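Student: I have a model open and would like to talk it through with you. Could we take it one question at a time?

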Amino acid sequence: MPRPRKKAETPATTLTATAYARVRHDIQTTKLEPGERLTIQSLQKRYDIGPTPLREALARLAADGFVIGEDNRGFRVPPMSLSDLRDIMDQRKLIECEGLRKAIERGDPASEARLVATYHSLSRLDERRARNEPGAFEEWEAQHREFHRALIEGAGSRWLSRFQEILFDQADRYRRHYRSNHKQDPKIVSDHNAILQATLDRDADLATLLLARHLERVYQMAEETGSLTDTEG
């Protein structure tokens, strides 16, 4: 039997995807500020995209937790607070530490090889970022995401990986907020190496302890900057 043809993307679908990606990027990088109202008119001017794709993109962003829908008032960027970040990081530790433990217990060689390769790519970007090379920061951010994804990939759970991705995205907004100068923290680099070594040694207790401490740095550094309040605004 002939294979069914893939449904081609329509121009409207492509515009919605573009709108989604651009608004989400600006929220994560805080170019759209926490608590900011998002009107269709202002977004049209900002992105030069029509109202229908923008409305569809905002609906998707609301479902993913990147915007808040308000009855009869449109949308706004979620506020940021220490209490919200505390909740995000606590859940990240639950999800990622459990995922890493299961990955170590399963001992899948293919997943382990991917983790090592991902770590080496991240290490090369550590050096480029330290030298402030053009584009190195964004490349590092993307590879950093891949490293954390690879840590739990061996657990073999699609849902666990999905929840990890959601929480990573939410934490990333906070991390970018207080690390706007793009400077590299040497502790983060040493954390990644220590977590990798403990994982390769199949020491689940040590690996998950190191991962939990690593994740906690996001909250600690946000707290130290004093840029967030204890309650949502």
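Student: Is the crossing of H4 and H7 left-handed or right-handed?
Tutor: Happy to start there, and keep in mind that this is a predicted model. H4 and H7 pack with their axes 9 Å apart, at an angle of about 145°. The handedness of their crossing is left-handed.

Student: Which residues of H7 make the contact with H4?
Tutor: On the H4 side, the contact uses Asp-84, Leu-85, Ile-88, Met-89, Gln-91, Arg-92, Ile-95, Glu-96 and Gly-99. By class, the contact of H4 with H7 has ten nonpolar, four polar and three charged residues. The H7 residues are Leu-160, Phe-163, Gln-164, Leu-167, Phe-168, Gln-170, Ala-171 and Tyr-174.

Student: Let's step back to the whole chain. What pattern does it follow along the sequence?
Tutor: The chain has nine helices and three strands. Of its 233 residues, 42% count as buried. Read along the sequence, the pattern is α-β-α-α-β-β-α-α-α-α-α-α.

Student: Which strands stand at the edges of the sheet?
Tutor: The open sheet has three strands in the order E1-E3-E2, paired antiparallel. The strands at either end of that order each have a single partner strand, so one side of each is left without a neighbour in the sheet. Those edge strands are E1 (37–38) and E2 (68–70).

Student: Which residue stands opposite Glu-70?
Tutor: Look at the pairing of E2 with E3, residues 74–76. These two strands run antiparallel and are joined by three bridges. In E3, the residue opposite Glu-70 is Gly-74.

Student: Which residues touch the most other members of the largest nonpolar core?
Tutor: That core has 36 residues. Helices H4, H5, H6, H7, H8 and H9 each supply at least two residues of this core. Apart from it lies another core, of 17 residues, among them Ile-40, Leu-43, Leu-61 and Phe-66. Back in the largest core, the residues touching the most other members are Leu-85, Met-89, Leu-100, Leu-151 and Leu-211.

Student: How far apart are the C-alpha atoms of Leu-210 and Ile-195?
Tutor: Leu-210 is in helix H9. It touches Ala-194, Ile-195 and Ala-198, not counting residues up to four places away in sequence. Leu-210 and Ile-195 are 15 residues apart along the chain, and their C-alpha atoms are separated by 5.9 Å.

Student: Does Glu-216 count as buried or exposed?
Tutor: Glu-216 lies in helix H9, where it touches Arg-86 and Lys-93, not counting residues up to four places away in sequence. The cut-off for buried is under 20% relative accessible area. Glu-216 has 15% relative accessibility, so it counts as buried.

Student: And what is the relative accessible area of Arg-128?
Tutor: Arg-128 is in helix H5. Not counting residues up to four places away in sequence, it touches Glu-133, Pro-134, Ala-136 and Glu-139. Arg-128 is partly exposed, with a relative accessible area of 22%.

Student: Last one: how many of the contacts between residues at least 6 apart in sequence join residues at least 24 apart?
Tutor: Here we look at contacts in the chain between residues at least 6 apart in sequence. The share of these that join residues at least 24 apart is 76%.

Technical notes. Residues numbered from 1 in each chain as written. Predicted model: local features only at pLDDT ≥ 70, side-chain atom pairs only at ≥ 80, totals over all residues. Heavy atoms only, no water. Pairing = 2+ DSSP bridges. Helix = DSSP H or I, 4+ residues; strand = E, 2+ residues; numbered from the N terminus. Core = buried A, V, L, I, M, F, W, Y, C linked by side-chain atoms within 4.5 Å. Buried < 20%, exposed > 50% of the residue type's maximum accessible area, 1.4 Å probe, protein only. Axes fitted to C-alpha atoms, helices over the stretch in contact; angles between N-to-C directions. Left-handed = near helix turned anticlockwise from the far one by under 90°. Contact = heavy atoms within 4.5 Å. Nonpolar A, V, L, I, M, F, W, Y, C, P; charged D, E, K, R; others polar.
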